[in-house]
Amino acid sequence: MAEILKGAPVTAALNEKMAAKAAALKKQGVIPTLAILRVGERPDDLSYERGAAKRCAAVGVNVRNVVLPEDVGQADFDRALEELNEDDSVHGILLFRPLPAQLDNERARQMLSPEKDVDGCTDGSLAGVFTNTKNGFPPCTAQAAMEILDYYGIDCTGKRAAVIGRSLVVGRPAALMLMHRNATVTVCHTKTQDMPSVTREVDILIVCAGRMETIGAQYLREGQVVIDVGIGWNEEKGKLCGDVKFEEAEPLVAAVTPVPGGVGTVTTSVLVSHVVEAAARKAGC
């Protein structure tokens, strides 16, 4: 049976570290602050906002909510975002996307200051992932996968790894972050031929295909570490499921993340850690 790589202990370790760092910053008069910029009242945005606020409170990070009406115009939205960019008391900005149809998503992404881009969506942040430098921050979900590997002592050096998915949100940054850990990485996607023959050969597999329960035993082998980033509601089973068929993976591989309770559990803590790190960088710590 596989070792279950649960996210809860990873989150606890991150929170403890960030709480200590936030407390040290406060002694210097620096209060780490996250601004959440939300347009409208989308239920998924509200749910994530509540989770982020709760996690921030747990480690001593202030939250400032900026809520704009669903029909806000481009000029008013731009003004609100620019004010947060220029506010020295704000260290991180979480911008909920996609924005309503009347607003330019790409313009908003490019307007956001990379040094405050704690969700890793700007070109500056993605360039930082590419160069492995502290320019902005990596996308939170991709980093959450890395945090799980690190916490459970899974050394990537010299290992063969594959990432299923090539999005800018998870797949490509995860592949680069594995490379920075000295893994040899293959990126698989919808045009990959005979994908199971590729994925069965690797030691570490990160699955972010965005297709629920598509990765079964034929893609896997004994001894692998499998990180399942996907999450979706399975109507037939009446529960949340990942991109990996957990019941097929667990008896076969060496270690696997559960869904729920795996990568998603860690993602919000990574976001908060970025806020604390942004405050430390601003303070020169």
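Reply: A word on terms before any counting: helices, of at least four residues, and strands, of at least two, are DSSP runs numbered from the N terminus. Please keep in mind that this is a predicted model.

Me: OK, how many helices and strands does the protein have?
Reply: On that basis the protein has ten helices and eleven strands.

Me: And what about the radius of gyration, what would a compact globule have?
Reply: A compact globule of 285 residues would have a radius of gyration near 19 Å, and the protein agrees with this because its own value is 19 Å. The C-alpha trace spans about 50 × 40 × 35 Å along the principal axes.

Me: What share of the residues counts as buried?
Reply: Of the 285 residues, 50% count as buried, while the accessible surface comes to about 13000 Å², with 52% of that belonging to carbon and sulfur atoms.

Me: Which share of the contacts joins residues at least 24 apart?
Reply: Among contacts between residues at least 6 apart in sequence, 71% join residues at least 24 apart.

Me: Switching to charges, how far apart are the mean positions of the positive and negative ones?
Reply: The protein has 31 positive and 37 negative charges, and their mean positions are 3 Å apart.

Me: Now helix α5, which of its residues are buried?
Reply: Helix α5 covers residues 123-131, and its buried residues are Gly124, Ser125, Leu126, Gly128 and Val129.

Me: What covers them?
Reply: The cover over the buried residues of α5 includes α4 (105-111) and α7 (171-180).

Me: And what follows α5?
Reply: Asn132 comes after α5, and the phi of Asn132 is positive, near 60 degrees.

Key: Residues are numbered from 1 along each chain as its sequence is written. This is a predicted model: local features need pLDDT of at least 70, side-chain atom pairs count only at pLDDT 80 or more; totals for chains, interfaces and linings use all residues. Side-chain values use heavy atoms; hydrogens and water are left out. The radius of gyration is taken over C-alpha atoms; the globule rule is 2.2 Å times the number of residues to the power 0.38. Buried means under 20% relative accessible area, exposed over 50%, partly exposed in between (1.4 Å probe, protein chains only). Contact means heavy atoms within 4.5 Å. Accessible areas come from the Shrake-Rupley method with a 1.4 Å probe; for residues, only the protein chains shown count as cover. Lys and Arg count as positive and Asp and Glu as negative; His and the chain ends are not counted. The place of a charge is taken as NZ of Lys, CZ of Arg, CG of Asp or CD of Glu.
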